[in-house]
Amino acid sequence: RDGEIPRLQREVEAYMAKLEASNTKVFNLELQVRTSEDRLSAMNDTIERYRSESIRAEEELNAARDNERKGSDVYVQNLKRRIEELEGDLNTTTQEREMPSEISQEE
């Protein structure tokens, strides 16, 4: 029995050393998991920021296109109005020219 106690003591010490090594491995793995989770969270934040910026940029582009289209529509409307004004002026001028000849024909 005297030899069995030191042998059991050595086995317990060896087991404790293995347990300590296992605990260290578990700790390191947990640290890696937390680090990976942090990196993943940061990547998700970046993706979300890019998504938001992309949506905002698309909205700005659509607004710019709408403004350009509206501006073009206004420009075209202004041109049509000016053409109508010029046609009206032309008709008035034509009528004024025709009137004196009608008056002279009546005389």
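View 1. The side chains of Arg7 and Glu11 come together in a salt bridge, with N and O atoms 2.4 Å apart, in what is a predicted model. Arg7 and Glu11 stand 4 residues apart in helix α1, which means that about one helical turn separates them. Arg7 also takes part in a salt bridge with Glu4, where the closest N and O atoms are 3.9 Å apart, a distance that still counts because a salt bridge requires a side-chain nitrogen of Lys or Arg within 4 Å of a carboxyl oxygen of Asp or Glu. Glu4 and Arg7, both in helix α1, are 3 residues apart, again about one turn of the helix. Glu4 has a relative accessibility of 41% and therefore counts as partly exposed, Arg7 is likewise partly exposed at 36%, and Glu11 is partly exposed with a relative accessible area of 44%.

View 2. In the whole model, the count comes to 7 salt bridges.

**View 3. A nonpolar patch on the surface.** Four residues, Val12, Tyr15, Met16 and Leu19, form a nonpolar patch on the surface, and together they have about 400 Å² of accessible area. Val12, one of the residues of this patch, has its place in helix α1, which covers residues 4-106.

View 4. Ala63 is found in helix α1 and is partly exposed, with a relative accessible area of 35%. From Ala63 to Ser36, which are 27 residues apart in sequence, the distance in space is 40 Å, taken from C-alpha to C-alpha. Asp73 also lies in helix α1, and at 34% relative accessibility Asp73 counts as partly exposed. The C-alpha atoms of Asp73 and Leu8, residues that are 65 positions apart along the chain, are separated by 95 Å.

**View 5. The whole protein, for orientation.** The protein contains 1 helix and 0 strands. Its radius of gyration is 46 Å, well over the 13 Å that the globule rule gives for 107 residues, so the protein is more spread out than a compact globule. Taken along the principal axes, the box filled by the C-alpha atoms is roughly 155 × 10 × 5 Å. Of the 107 residues in the protein, 0% are buried, and the accessible surface comes to about 10100 Å², with 53% of that surface belonging to carbon and sulfur atoms. The protein carries 17 positive and 26 negative side chains, and the centres of these two sets lie 16 Å apart.

Conventions: Residues are numbered from 1 along each chain as its sequence is written. This is a predicted model: local features need pLDDT of at least 70, side-chain atom pairs count only at pLDDT 80 or more; totals for chains, interfaces and linings use all residues. Side-chain values use heavy atoms; hydrogens and water are left out. Patches are made of residues with over 30% relative accessible area and no salt bridge: like charges are joined within 9 Å, nonpolar side chains (Val, Leu, Ile, Met, Phe, Trp, Tyr) within 5 Å. Accessible areas come from the Shrake-Rupley method with a 1.4 Å probe; for residues, only the protein chains shown count as cover. Helices (H or I, at least four residues) and strands (E, at least two) are DSSP runs, numbered from the N terminus. Buried means under 20% relative accessible area, exposed over 50%, partly exposed in between (1.4 Å probe, protein chains only). The radius of gyration is taken over C-alpha atoms; the globule rule is 2.2 Å times the number of residues to the power 0.38. Lys and Arg count as positive and Asp and Glu as negative; His and the chain ends are not counted. The place of a charge is taken as NZ of Lys, CZ of Arg, CG of Asp or CD of Glu.
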